[in-house]
Amino acid sequence: MKLKTLALSLLATFAANAAVNIDRVEPTNWYAGMKNPSLQLMVYGKGIKQANVSTDYAGVKVDSVVRLDSPDYLLVYLNLQGAQPGTMKLNFEQGGKKKQVNYEIKRRDMPGEARQGFTNADVLYMLMPDRFADGNVKNNVVKGMLDQRCVRTEPSLRHGGDLEGIRQHLDYFNELGVTTLWFTPVLENDMPSGGGHSSYHGYATTDYYKVDPRFGTNEDYRRLVDEAHQKGLKVVMDMIFNHCGSSHPWQINPPASDWFNQPNYGLQTSFKLTPCVDPYASEIDKRETEEGWFVSSMPDLNQNNPHVATYLIQNSIWWVETVGINGIRMDTYPYAYAAPMARWMKQLNEEYPNFNTVGETWVTQPAYTATWQKDSRLVKQNSNLKTVMDFAFYEAMDSCKHETTDDWWRGFNRVYNTFVYDYLYTDVNHVMAFIENHDTDRFLGEGKDVNRLKQGLALLLTIKRIPQLYYGTEVLMNGVKKVTDGNVRKDFMGGFPGDERNCFTADGRTAAENEMFGWLSRLLHWRKGNDVIVNGTQTQFCPHNGVYVIARRHEGKTVMLMLNGLDKENKVDVKRYAELIGTTAEASNVLTGEKINLTTDIPIPTHGTLLIEF
């Protein structure tokens, strides 16, 4: 007993004489005038758990201090209701030792209401920073990081693309005609590489407040967004709340026993998302979806721990304020717990009512996707998520591009049938459609079927949706996943030193690439600011004799898209579409400017696309 008392006494003496260790505080700063005055500070430092915290900064008070399981973390909750911009001094006291930390409260660039998100008037251009353009070869390998390889010949290793490369090509996006850029995640992924794999994709975060040094700096990110805005381009940030990277400090030293789901890779996800909405779902099925890890290198975060949820919510707000992004794309949305995700969206919508967030909801039934949209009538719990991704449209297009039959259940009938269920959505203008992305085979596969590609793009850019393109399609980039996702994430030709050709310029493109680029650019510039596409009603006709027709109408103007799904030349029976055409005798071909006679059947070539307006 005496030995135990002595040991405790020695520990107490050591603690009293120990310095107050603070390695970092997150968020790294905050902003005055937020609608929610509460601020969570996560303090990192060896033995910091027992510290007391105070401040005499005007308008700020310490609401609570939370001591987690680990001795090396401390959560401090502040109320900033009356705080003005300036430098706040935080006083830490532990065992008679004191330490003062300066913490900056910044002035906001603009009120939350002024921040504008992406809408159905926009066209998103999705790209992977590592694979788009290398603007600074000096950061391809960064000393001290766990992955020291940058090998362009290996599809699954880093290739050296960065934010500076994107910034140098902002004029290219304007020339093409897109309005919004969506990058895959740019935050630090300080992960080891092995077995031919690395975290070039960005989905294994190891620092939520730092851009990966191989992409650039936080200042580079802000500069890129600012210059994009100056050129009329919006920027969407890819985020992941479901998991982090295994090299994150949290995984190495967990703040709390319930910070992660199924610690130490205790459960593999089933990748099945239906249990999230299935009224008959078993507990094991739901647990495998929500708590299982994606892979062993991506620990599954427990958003049901309110401190985890608050950390993630604040982080998203910090990036909005710090960089000025116009939207968020949330990865693996249904894999995270629904209630805390709804809390996140509610707070984000209240702070930024004109902002927009799209969630990845990868199930191909419209009824499933619709349940995740804000104010859905199909479920009891409101997700508050404004925009969902239309995997049903993607799957229909992926199937019908291989089919030339006029059977009622195949070909363009598949696409027709996806739109039949639009009544399930609370707002179809907040549904994001696409024909390919970084997780799918490219639309062209291993071929170059330009006619089919034009059909897919024309439909995508005409329908009542927010359209998303994938980088390089405009210059006929193709590929299928096969062994590795890297085969559909190839480098954009001309973005890297030593490339044989430069597809950013007309001179560097082949004749076929220039034709495709010019065709898509004309379509995109025509769509930009087009009220018929942004605000018009939509009418579709059952595919007839192999022809699928879909139309948009607004204030006396009509846009009519006709697609020939057959492997032969065809004709459009104009009499069948009299409710659209009426007595109009002539229309204009949107993409060529030629006049189209509407008083007789219209010829349409094999797998042809005809977009007219009158």
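The side chains of R329 and D331 meet in a salt bridge, with 3.0 Å from N to O. A salt bridge is defined here as a side-chain nitrogen of Lys or Arg within 4 Å of a carboxyl oxygen of Asp or Glu. Both R329 and D331 are buried, where buried stands for under 20% relative accessible area, exposed for over 50%, and partly exposed for values in between (1.4 Å probe, protein chains only).

The model is predicted, so that local features need pLDDT of at least 70 and side-chain atom pairs count only at pLDDT 80 or more, while totals for chains, interfaces and linings use all residues. Residues are numbered from 1 along each chain as its sequence is written, and side-chain values use heavy atoms, with hydrogens and water left out.

The structure holds 35 salt bridges. Three of them are listed below.

| Pair | Closest N and O atoms |
|---|---|
| D109 and R222 | 2.7 Å |
| E350 and K346 | 2.6 Å |

Helices (H or I, at least four residues) and strands (E, at least two) are DSSP runs, numbered from the N terminus. D109 is partly exposed, at a relative accessible area of 48%, and R222 is also partly exposed, at 25%.

E350 is partly exposed at 42% relative accessibility, as is K346 at 44%. Salt bridges also link R108, R115, E321 and E351 in a network.

Helix α9 also meets another helix. Two packed helices are described by the angle between their axes and the distance between the axes. The axes of α8 (residues 306-323) and α9 come within 10 Å and cross at roughly 35°; axes are lines fitted to C-alpha atoms, for helices over the stretch in contact, and angles run from 0 to 180 degrees between N-to-C directions. In α8, the residues P306, A309, T310, I313, S316 and I317 meet P340, R343, W344, Q347 and L348 of α9, contact being heavy atoms within 4.5 Å.
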